[in-house]
Amino acid sequence: MNNNANVPSDSRSAAVSLQAVSKSYDNKRNAVTEVSLEVMKGEFVVLLGPSGSGKATIVRAIAGTERISGGTISIFGTTVAADGRHVNPEDRGISMVFQDYALWPHMSVLDNVAFALKRNKVDAKTRRLQAGETLAKVGLGSKVNRFPSELSGGEQQRVALARALVAHSGLILFDEPLSNLDSDLREKLRIEIATLTRECNATVIYITHDQSEAFALADKIGVLKDGCLVQFGVPEDIYENPADSFIARFTGIAGEVRGIACGTTPEGLLHVDVPGLKRSVLARPVEPISRGGRVRIAIRPAAISMEATPGATADIARVADVAYRGRGYEHAVTIGEHVLSSVFSAQRVSRGSGVELSLDPRGCLAFCEHDSSERPLAETRIDSAAAEFESGYQEAVI
Ligand code: ADP
């Protein structure tokens, strides 16, 4: 995809602007290739991608701890990195929150936060006052005199958050800040990051490999793959109209099926012949697909609904596994030898039961199959001769 395709045109209010930024560490392969991106003032942008996709390199390039090999970076209208120009990190006016907290171990919690105000030329008394107020906001008002080693991981990350917020720099970079915390704490801190950064109208660039974190936090998401920005947009658009099957898979699917496009409905849905199924699967084409073309259908978990069919022969669609998830039950359903995961229902359907699955075409995303050798993310091909789809414009029934 063209890396510049989704760049907003209103550059006047851009807080951060990347134009064709590239970075190569060893002159062999680019870690980042021609990434162009604009982050508006007050916007919360999440860069999402798997490990090695270039997230940390981009954030380090914006922070100034890494020199870029090509392109331009501007922050609040000032060019901080370009050919022959590199503004030092301390002169970029950025706050950063790291995965490993990066607190001064010899300073108290209060001093860690107050230290961030030193460059603002605020007097010592005011620094400590503002640091205390910000620590109270993140729930650490009673622990200001402790040292980092006397705090839990979650509390240390709150100190780092307070340090970023107190500086009022306008731009905060977050480098996978929740990855070292357990899930309960992650959720709490995620909400605090979302609310407190918006309260102070900070512009945020946040990197993560966790799609649920990205969708929960972001005003806009940039998806990275192999150092390229492959899609940039609001979360709803990324989820509903992923630009390619990699993005669909990376943002959560229950499974995939492959087949051949065999026609369209008046509504523009695609009939796909899937080997082993007696009836075609209805899917929503995310890109132009011609009749006879090879198709990969990525199925969103929410597109699948399941009903137990008492007395049904268990070899059509059968529950292989069931897990209690609080709000309901998550099932893995086999069809022949293959599995669709993340099949939710309010009722528990026990292992081995025969079930009927309905597929909502809106959540069945059809892509051209460019590379048939690429393996599906989950082992989820539905190609049992026993499986049968009930063709219909609203839902297909297995
Ligand atoms: P992510 O943050 O998405 O995991 P990175 O930006 O850390 O990705 O890495 C992108 C690519 O750059 C990877 O191939 C990685 O191996 C390479 N890379 C990152 N840092 C360095 C470095 N200091 N020296 C050489 N290669 C690096």
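The shell around the ligand consists of 4 nonpolar, 5 polar and 3 charged residues. In this division Ala, Val, Leu, Ile, Met, Phe, Trp, Tyr, Cys and Pro count as nonpolar, Asp, Glu, Lys and Arg as charged, and the others, Gly among them, as polar. The model is predicted: local features need pLDDT of at least 70, side-chain atom pairs count only at pLDDT 80 or more, and totals for chains, interfaces and linings use all residues. Residues are numbered from 1 along each chain as its sequence is written, and side-chain values use heavy atoms, with hydrogens and water left out.

**Ligand site**

The residues surrounding the ligand are Tyr25, Arg29, Ala31, Pro50, Ser51, Gly52, Ser53, Gly54, Lys55, Ala56, Thr57 and Arg60; a residue is near a molecule if one of its heavy atoms lies within 4 Å of it. Helix H1 (residues 55–63) supplies the largest share of this shell, 4 residues. Helices (H or I, at least four residues) and strands (E, at least two) are DSSP runs, numbered from the N terminus.

| Residue and atom | Distance to a ligand oxygen atom |
|---|---|
| Gly52, polar backbone atom | 2.7 Å |
| Lys55, polar side-chain atom | 2.9 Å |
| Ala56, backbone N or O atom | 2.8 Å |

On its own the ligand has 560 Å² of accessible area, and the protein covers 59% of it. Accessible areas come from the Shrake-Rupley method with a 1.4 Å probe; for residues, only the protein chains shown count as cover.

H4 has 14 residues and spans 20 Å from first to last C-alpha, close to the 20 Å expected at 1.5 Å a residue. The expected span is 1.5 Å times one less than the number of residues. Because 13 of its 14 residues are buried, H4 is largely enclosed by the rest of the structure. Buried means under 20% relative accessible area, exposed over 50%, partly exposed in between (1.4 Å probe, protein chains only). Just after H4, His168 has a positive phi of about 50 degrees.

H5 (residues 183–199) has 17 residues and reaches 24 Å, close to the 24 Å expected. Its buried residues are Leu189, Arg190, Glu192, Ile193, Ala194, Leu196 and Thr197. They pack against helices H3 (124–137), H4 (153–166) and H6 (211–217), and against strands E3 (44–48), E8 (171–175) and E9 (203–208).

**Two individual residues**

Glu256 is in strand E12 (residues 255–264). Glu256 counts as buried because its relative accessibility is 2%. Its side chain makes polar contacts with the side chains of Arg249 at 2.8 Å and Arg296 at 2.9 Å.

Ser353 sits in the loop between strand E19 (338–345) and strand E20 (355–359). Leaving aside neighbours within four places in sequence, Ser353 is in contact (heavy atoms within 4.5 Å) with Ala317, Arg318 and Val319. A polar side-chain atom of Ser353 lies 2.8 Å from the backbone oxygen of Ser350.

**Whole chain**

The chain contains 8 helices and 22 strands. Of its 398 residues, 51% are buried. Among contacts with a separation of 6 or more, 68% are between residues 24 or more positions apart.

How values were computed:
Polar contact = N/O pair within 3.5 Å; in protein donor to acceptor, adjacent residues only side chain to side chain.
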